[in-house]
Amino acid sequence: MSDSPLSLSQASCADDYDPNSMPVPQARALINQFLTPIQALERIHTRNALGRILAENVTSPLNVPAYDNSAMDGYAVRFTDLPTQGESTLSVIGSSFAGTPFSGSIKKGEAVRIMTGALVPDGADTIVMQEHVKVQGTAITLGSQHRLHQNLRRAGEDLYQGQVALQKGMLLRPAEIGLIASLGIGEVTVFRKLRVAFFSTGDELVSIGQSPQVGQIFDSNRYTIHSMLTRLGFEVLDMGVVRDDPVLIEEAFHQAAANADAVITSGGVSVGEADFVKEMLNKLGEVVFWKIAMKPGRPLAYGKIGNAHFFGLPGNPVSVMVTFYQFVRDALLTLSGQNPVLPLPTFKVPCITALKKAPGRTEFQRGILHTDEKGQWQVRVTGEQGSGILRSMCEANCFIILATDQGNVTPGSMVDVQLMQGLL
Ligand code: AMP
Ligand code: MG
C-alpha cells in the first residue's frame, strides 16, 4: 500500500483488499488514511481543561524550579569546608525556610540550617542531611564522604525557561493540568470538542419507558455508545432509534452528517440488510463495507458522508463495543486532535482456561485478569462468548486477543491481553 492518501474507491480497489475477509490491522490502516484532525480551537481556563486536547505547545515561561533549593531538611554548606577524612565543625549563622529565605551569604567555616524546598543561600553548594550532623548549640560537626551538590535541586532541572513543557496534541490529564498550573499559566488553547452523532437502527427496538411487545427488545446500544463517547470526552448528539425504512434512515444520515464531525450507527449492516443500507449510503457519500476477519463484530462500514466520518457498527451489543474499541476509538481520538494516540496496554499472561478458537480471524474474547495465590497475574475467560451476551463485557476487565492464525488455547499457554481499565 502506498503512503499517499487514497480515495475510498481507490482503497477498495487496492491489490490486497478483500472486502469479505479484511484483516483487522489492514482495516485500521485504511481508516487511518482518511482522518484529518479538526482545526477549530478554543481558549479555556486551565482548571476546565481536563480531558481536552492541547492545540499548541505549552512553553515554560520560567525555570522550574525557579531557584536552587534543598531536597532535604539539613544544613547548607560549602563543599570545600567538608573534611576528606575525620570530622569538621562549622558554625550555624542562620536558617532558610521554604518561603522565608536566608538573605546573607555563607563564608568559610559557616553553615545555614535549611528545610526542604527552601532557597539555597549564596555561597552554599551542598546540603548535608540533618541525620548526618551532630548539633552542639550553634555549632555542627559533620563527617566525610559527601558529594558536591548533594541533596540540591538546581534551578531549571525540571524545565528551563523557553523549553516546550507539553506538546500540541497531548491529552490533558491531572498531571498535565498540574504542570501547567506550576508554570503560572491560567488559560490554554485546545481543540474544540469533537461532535459525534449516533442512532440505532432496527424495527425490533423500543426505548426505555416503552413496553416491548413479542419480538421487540430494549435498545441498549444507544446507551453503550453514548457512554463510550462521553467517557472519551466528545460532544454527543443522540438521535434515537430509526426504523428500518430507507426514507427515514436517509433523512437521519443527512441530519447527522450536517451536525457532526462523525456519525455512528448500530445494526443494519449484516447480510440481508447490508445491501439496502449500502445502496443508500453510496448515494449519499463514499462508503466501504467490510467483513472484518474478526470475532465478534464481522460486518463494519466506514466512509464519509459530506465532511462527516461514518462508522456503521454491527447490531449485536458485544460486537458494538468490540468494534468501537478496536476501530472507532482511535479514529475519533485522531480526529479530535490527539497526537500520538496511544494504543491500549497489551501484554502476555498465562490463560488458565481452555479457549476454543478456529484459525482464520482475530478473536476478542472477554477475560478476567486476576492474581493467583503467589501474586502472579493470569487470565480466565468470562464464560459464554456469544456476541449478544453483554454480561460478558460487564464481568471482563480485559480482552483476550487471539491472533488470526491461532487455534485452540490449552490451559497454561500465554495469551495477549488488552486492559479495559479506564475504558469501561
Ligand atoms: P442487525 O445487524 O441489525 O441485524 O442486528 C443484529 C442483532 O443485534 C439483532 O439480534 C438485533 O436485534 C440486535 N440489535 C440491533 N440493534 C440493537 C440495539 N440498539 N440494542 C440491542 N440489540 C440490538
Ligand atoms: Mg437490524
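Both faces of strand S17 are covered in this predicted model. Ala262, Ile264 and Ser266 are buried on one side of the strand, and Val263 and Thr265 are buried on the other. With five of its five residues buried, S17 is therefore largely enclosed by the rest of the structure.

On one flank, S17 (residues 262–266) is joined by five bridges to strand S13 (residues 195–201), and the two strands run parallel. Within this pairing, serine 200 stands opposite serine 266 of S17. Five bridges also link S17 to strand S21 (residues 308–313), again in a parallel arrangement. Here isoleucine 264 has phenylalanine 311 of S21 as its bridge partner.

Six strands make up an open sheet, in the order S16-S13-S17-S21-S20-S18, with mixed pairing. At its edges lie strand S16 (235–242) and strand S18 (286–291), each of which pairs on one side only. Neighbouring strands of the sheet are turned against each other by 15° on average, with direction ignored. Helix H4 (residues 221–231) lies across S13, S16 and S17, and runs at about 165° to S13.

Another helix, H2 (residues 24–32), shows a clear pattern of burial. Its buried residues are Val24, Gln26, Ala27, Leu30 and Ile31. Around the helix axis these residues cover an arc of only 165°, which puts them on the same side of H2.

Domain 1 is made up of two segments, 8–40 and 192–335. The C-alpha centres of domain 1 and domain 3 lie 66 Å apart.

Conventions:
Residues numbered from 1 in each chain as written. Chains lettered and ligands numbered in written order. Predicted model: local features only at pLDDT ≥ 70, side-chain atom pairs only at ≥ 80, totals over all residues. Heavy atoms only, no water. Buried < 20%, exposed > 50% of the residue type's maximum accessible area, 1.4 Å probe, protein only. Helix = DSSP H or I, 4+ residues; strand = E, 2+ residues; numbered from the N terminus. Arc of directions from axis to C-beta. Domains from an automatic or database assignment. Pairing = 2+ DSSP bridges. Axes fitted to C-alpha atoms, helices over the stretch in contact; angles between N-to-C directions. Contact = heavy atoms within 4.5 Å.
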